[in-house]
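Student: I'm new to this one. Could you walk me through how to read it, one feature at a time?

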Amino acid sequence: MRNGKALLLAAVIALAGVACLMLPEANRAVAVGLEESDAEMPNATVLFPVSEKPNPKGASMTPVTFNHQAHVDKIDDCTACHHTGDMVACSTCHTVEGKAEGNFINLERAMHATKIAPRKDGVTPKSCVSCHEEQYKERRECAGCHEIVTPKRDDQWCGVCHVVTSKMTPEQYQLGVAGKLSAEDRVALAEATIAERKPVDYLAPEACPYKVEIGSLSDKFEPNLFNHRRHVSSLMKRIEGDNLAKAFHSEPEILCATCHHRSPLSATPPKCGSCHSAKIDPRVPERPTLKAAYHLQCMGCHDGMDVARPLDTSCASCHKPRATENAN
């Protein structure tokens, strides 16, 4: 089972790099030429589930197209990934089965582990997943949504990175798994994969409702007139040009899931009250009430993005008191 998890191998890193090598033109992706990096390493390559066995359990795994240079540009020290200090491929020490050189940490764990014990020498390695989780939890433009929404690790999530051109032959795959495919062939496969990718045509803010009246719980206050389009535009502006976001935000309506987090992706998702009731539902006591859901979502996002206004204690900033309350 553990080796079977190699189907998810290296699932988080590749397309963040792939995305930055794509330019939209007539609804298709155009690959930018992959030149040698300053470190004399290929800008992009294909990572295979290297195994020392002739028929490894991970042999059905789709390889990963990895943009090396895009990641080099984001780190200060190569040892963030090459934690031994040796600039060699990950599979040199971490294979599908695991080997002594890598402390028997197999490739799946090396790429996906999220709980990594600190090293005494101060050089604590990061997996692809742990590094990306660190990014979207700490960066202000990401934290607002990801304080609330945890990416679902399903086939679509894995497929962001586990993608390679259909032009790859069975012979190339077998050579790759054996660790014998040439660097030139791996770069060529990466180029072909990148050229086949299409940019995501995100839902335009203008396609969203301009303002939404939230008033089902109105009592002491007037209904809240929520500027829906302004919030959508703000979210899109914050992640504009971000390759990590472009890679994993792979559906046109993906930003809608920030608030409509349990609904199928749609430009017209159901209202919050479709799931959250005014009182606790005894059948699902862990589900927040509608009032709690609104405030957890709004305040959680604002806190994560370090939005100073409105203050959590300033009800009147969002809710205009009713006239009868003013009279009192």
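Tutor: We'll talk about burial a lot: buried means under 20% relative accessible area, exposed means over 50%, and partly exposed is in between, using a 1.4 Å probe and protein chains only. Keep in mind that this is a predicted model, where local features need pLDDT of at least 70, side-chain atom pairs count only at pLDDT 80 or more, and totals for chains, interfaces and linings use all residues. Residues are numbered from 1 along each chain as its sequence is written, and side-chain values use heavy atoms, with hydrogens and water left out.

Student: How much of the protein is buried?
Tutor: Of its 328 residues, 34% are buried.

Student: And what secondary structure does the protein have?
Tutor: Helices (H or I, at least four residues) and strands (E, at least two) are DSSP runs, numbered from the N terminus. Here you get twelve helices and six strands.

Student: How do I read an aromatic pair?
Tutor: Rings of Phe, Tyr and Trp (its six-membered ring) pair if their centres lie within 6.5 Å; planes under 30 degrees apart are stacked, over 60 edge-to-face, and the rest tilted. Searching the whole structure turns up one such pair.

Student: Are Phe48 and Tyr173 buried or exposed?
Tutor: Phe48 has a relative accessible area of 6%, so it is buried. Tyr173 counts as buried because its relative accessibility is 9%.

Student: What about phi?
Tutor: Most residues other than glycine have a negative phi. Asn103 has a positive one, near 55°, and lies in the loop between helix H2 (68-72) and helix H3 (107-112). Asp306 also has a positive phi, near 60°, in the loop between helix H11 (290-304) and helix H12 (323-327). Asn103 is exposed at 62% relative accessibility, and Asp306 is exposed at 55%.

Student: Which residues does Ser130 touch, leaving aside its neighbours within four places in sequence?
Tutor: Contact means heavy atoms within 4.5 Å. Beyond those neighbours, Ser130 is in contact with Ala113, Thr114 and Ile116. Ser130 belongs to helix H4 (residues 128-138) and is buried, at 13% relative accessibility. A polar atom of its side chain is 2.9 Å from the backbone nitrogen of Ser127.

Terms used:
A polar contact is a pair of N or O atoms within 3.5 Å; within protein, one must be able to donate a hydrogen and the other to accept it, and residues adjacent in sequence count only if both atoms are side-chain atoms.
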